[in-house]
Amino acid sequence: MFILRLFALTLLLSGCAAPYDYAEDTNFQNFTSVALAPDSDTHSLDGARIGTAAEAMLPARGLRLTTPDQASLWLHYQLLQETRLLTTMPRMLSRHGDFWDDEERVYGAVRQQRLELWLTQPHSGKVLWRSKHPKAFPAENINGAERSRRIEQQVVELLQNYPPQP
């Protein structure tokens, strides 16, 4: 029974890993400092949430926080707007030997946001590392503390992939 629980926990945790990409010709140990990119929108509520969560997490990833003019890396972020269509599933059930094959039907849409983070070299703008969270969260009807909690959780999950493991 213990092994089954351990296996289930392993599957659950492995599903949380955010996909990422990186410049494989880069030695990430050469980078020791980071700052939010100068063009970061830290004045919006979400921008402030993302910036605060990232600044809390980055030192644990081996990067010292500094000013943009002193940083060896700049952290950029963006909330990507997406629309997810709500659809019905086609029925493929047998009823007295007959098969129904209804078409998939759209019955609505939900606006969502997906968090993306990337690191660049200052001045050259070369992207060295990028990660986009696999799970979106509602763009509407989620406010305050719950929104902060979800953004912080996603920042933590994204930055777990830095520095990349070749």
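R49 and D46 form a salt bridge (a side-chain nitrogen of Lys or Arg within 4 Å of a carboxyl oxygen of Asp or Glu), with their closest N and O atoms 2.9 Å apart. The model is predicted: local features need pLDDT of at least 70, side-chain atom pairs count only at pLDDT 80 or more, and totals for chains, interfaces and linings use all residues. Residues are numbered from 1 along each chain as its sequence is written, and side-chain values use heavy atoms, with hydrogens and water left out. The structure holds eight salt bridges.

**The pair in α2**

- Helices (H or I, at least four residues) and strands (E, at least two) are DSSP runs, numbered from the N terminus.
- Both R49 and D46 sit in helix α2 (residues 45-57). They are three residues apart, about one turn of the helix.
- Buried means under 20% relative accessible area, exposed over 50%, and partly exposed in between (1.4 Å probe, protein chains only).
- R49 counts as buried because its relative accessibility is 19%.
- D46 is buried too, at 15%.
- A network of salt bridges links D46, R49 and R147.

**Salt bridges between distant parts of the chain**

- R111 forms a salt bridge with E140, the closest N and O atoms being 2.9 Å apart. This pair links distant parts of the chain, 29 residues apart: R111 is in strand β7, and E140 is in the loop between β9 (137-138) and α3 (144-159).
- R111 has a relative accessible area of 43%, so it is partly exposed. E140 is partly exposed at 42%.
- K126 forms a salt bridge with D25, with 3.8 Å between the closest N and O atoms. The partners are 101 residues apart: K126 is in the loop between β7 (106-120) and β8 (127-132), D25 in the loop between β1 (20-22) and β2 (33-36).
- K126 is partly exposed, at 36% relative accessibility. D25 is exposed, at 63%.

- Two strands pair if DSSP finds at least two bridges between them.
- β2 pairs with strand β3 (residues 64-65) in the parallel sense, over two bridges. V34 stands opposite L65 in β3.
- From β2 the chain crosses through α2 to β3, and this β-α-β crossover is right-handed (with the strands pointing away from the viewer, the path from the first strand over the helix to the second runs clockwise).
- β2 also pairs in the parallel sense with strand β4 (residues 73-87), over three bridges. Here A35 stands opposite W74 in β4.
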